[in-house]
Amino acid sequence: MKISIQQYPFQDRGLHSLKNETWKSLPGYDGEYEISSLGGVKSLRRWRSCGKNSGYYTKEFIRKQHFKASKNKFKNDCTYRVFVSLKKNGKPLTTSTARLVYYAFVSEFDLEDRNTVISYKDDNGRNLSYKNLELLTRSDNSKKALALKRSSPKWLTLKRNVRQLTMEGKLIAEYSSIKEAAEAIGSSGAAISACLNGKIFHHHQYRWQAVGKNQTEPPREKKDGEIFNKYLWKKIGKPKINKASPLPVLNLSLSSMPGEKWKIIKTAESYYISNYGRLN
């Protein structure tokens with residue numbers, strides 16, 4: 001039976017306390033918010049100034065929270081992270097609710113330390129009960145994901161046999177691993193891996209393929225004007241644009257755009273940059 005996400009305590013916006021729920025002042029927020037042992041976040045009643053000798057008291061309410069779902073290809077399910085938007089020193093701040101719950105109800109730690117992550121004992125990122133949370137280093141969290149078969153060892157990816165091709169699809173060389181290919185062209189393996197996964201179109205002016213995939217058929221070249229960087233478009237928030245005539249930074253066409261001029265980068269002579277900000 002599928003569980004409705006509406007059953008999770010952090011989505012209950014009633015001011016009543018739930019069973020076994022306790023509240024504490026949220027440290028570092030000047031008494032403006034409280035957080036619960038189950039992940040609820042409350043804005044407290046406080047005075048808000050509207051000018052000289054005027055203002056009003058705000059109402060107490062439970063803040064709406066948001067969650068991000070990420071597809072896990074190994075388990076064919078989703079992982080979740082819950083976020084809440086607050087104001088700190090007058091500036092908006094979006095942070096992980098689980099980190100705040102752990103800090104308030106389990107143990108204080110450096111909230112700014114990105115090397116520490118909050119993990120979930122039941123592997124459910126929507127269960128924000130302090131009893132379900134544990135503090136791990138990124139390394140230990142990666143080991144946990146491997147143990148749960150939610151990821152694969154990095155060395156398996158690096159050992160993938162890869163083929164180096166020209167932009168037209170002509171074979172240049174084959175390598176026994178991504179690492180070997182990266183060393184051969186004086187680059188890192190991350191961009192080559194991104195090519196193999198279809199996230200980017202080319203790297204170092206070469207196309208890259210995993211051995212065993214389309215070996216007899218070179219990558220299909222898209223028509224000029226149709227090469228759209230969907231990966232980068234998602235990363236910058238999916239702005240509303242015309243995909244048939246994308247922004248220069250999203251245009252992967254090898255042909256120059258109208259009015260586009262190119263110059264070699266003196267500090268990296270294997271690259272060219274255009275007056276539109278594109279690299280080749």
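The model is predicted, and its secondary structure comprises six helices and 16 strands. Of the 280 residues in the chain, 33% count as buried, and the chain exposes about 18,200 Å², of which carbon and sulfur atoms supply 50%. Among the contacts in the chain with a separation of 6 or more, 36% are accounted for by residues 24 or more positions apart.

**Cavity and pocket**

- The structure holds one cavity of 30 Å³ or more, and about 40 Å³ of space lies in the largest cavity.
- The lining of the largest cavity is made by P9, D12, G14, H16, L18, E21, W23, G40 and I62.
- The largest pocket contains about 1,600 Å³ of space; it is lined by 49 residues, of which S70, T79, R81, R138 and N141 are the closest to its centre.

- Not counting residues up to four places away in sequence, S119 touches N132, L133, E134, L136, N141 and K144.
- With one of these residues, K144, the contact is also polar, as the side chains of S119 and K144 are joined by a polar contact of 2.6 Å.
- N141, another residue that S119 touches, is one of the residues closest to the centre of the largest pocket.

- Just after α5, G198 takes a positive phi of about 80°.
- Q205 lies in the loop between α5 and β14 (207-210), where this residue has a positive phi of about 65° although it is not a glycine.
- At 34% relative accessibility, Q205 counts as partly exposed.

**Cysteines**

- The count of disulfides in the model comes to zero.
- C50 is exposed, with a relative accessible area of 53%, whereas C195, at 9% relative accessibility, counts as buried.

**N76 in the β7-β8 loop**

- N76 has its place in the loop between β7 (66-72) and β8 (77-88), and at 59% relative accessibility this asparagine counts as exposed.
- The side chain of N76 makes a polar contact of 3.2 Å with the side chain of K71.
- N76 and R150 are 74 residues apart along the chain, and their C-alpha atoms are separated by 9.2 Å.

**S176 in the β13-α4 loop**

- S176 is found in the loop between β13 (171-175) and α4 (178-185), and counts as partly exposed at 47% relative accessibility.
- Leaving aside its neighbours within four places in sequence, S176 is in contact with K159, R160 and N161.
- For one of these, N161, the C-alpha atom is separated by 4.5 Å from that of S176, with the two residues 15 apart along the chain.
- The side chain of S176 is also joined to that of E180 by a polar contact of 2.5 Å.

**N20 in the segment before β1**

- N20 lies in the segment before β1 (23-25) and, at 65% relative accessibility, counts as exposed.
- The phi of N20 is near 65°, which is a positive value in a residue other than glycine.

Key
Residues are numbered from 1 along each chain as its sequence is written. This is a predicted model: local features need pLDDT of at least 70, side-chain atom pairs count only at pLDDT 80 or more; totals for chains, interfaces and linings use all residues. Side-chain values use heavy atoms; hydrogens and water are left out. A disulfide is a pair of cysteine sulfur atoms within 2.5 Å. Buried means under 20% relative accessible area, exposed over 50%, partly exposed in between (1.4 Å probe, protein chains only). Helices (H or I, at least four residues) and strands (E, at least two) are DSSP runs, numbered from the N terminus. A polar contact is a pair of N or O atoms within 3.5 Å; within protein, one must be able to donate a hydrogen and the other to accept it, and residues adjacent in sequence count only if both atoms are side-chain atoms. Contact means heavy atoms within 4.5 Å. Accessible areas come from the Shrake-Rupley method with a 1.4 Å probe; for residues, only the protein chains shown count as cover. On a 1 Å grid over the protein atoms alone, a cavity is a set of points where a 1.4 Å probe fits but cannot get out, and a pocket is an open set with protein on both sides within 12 Å along at least five of seven lines; lining residues have an atom within 4 Å of a point. Grid points are joined across faces, edges and corners, and a volume is the space filled by probe spheres set on the points.
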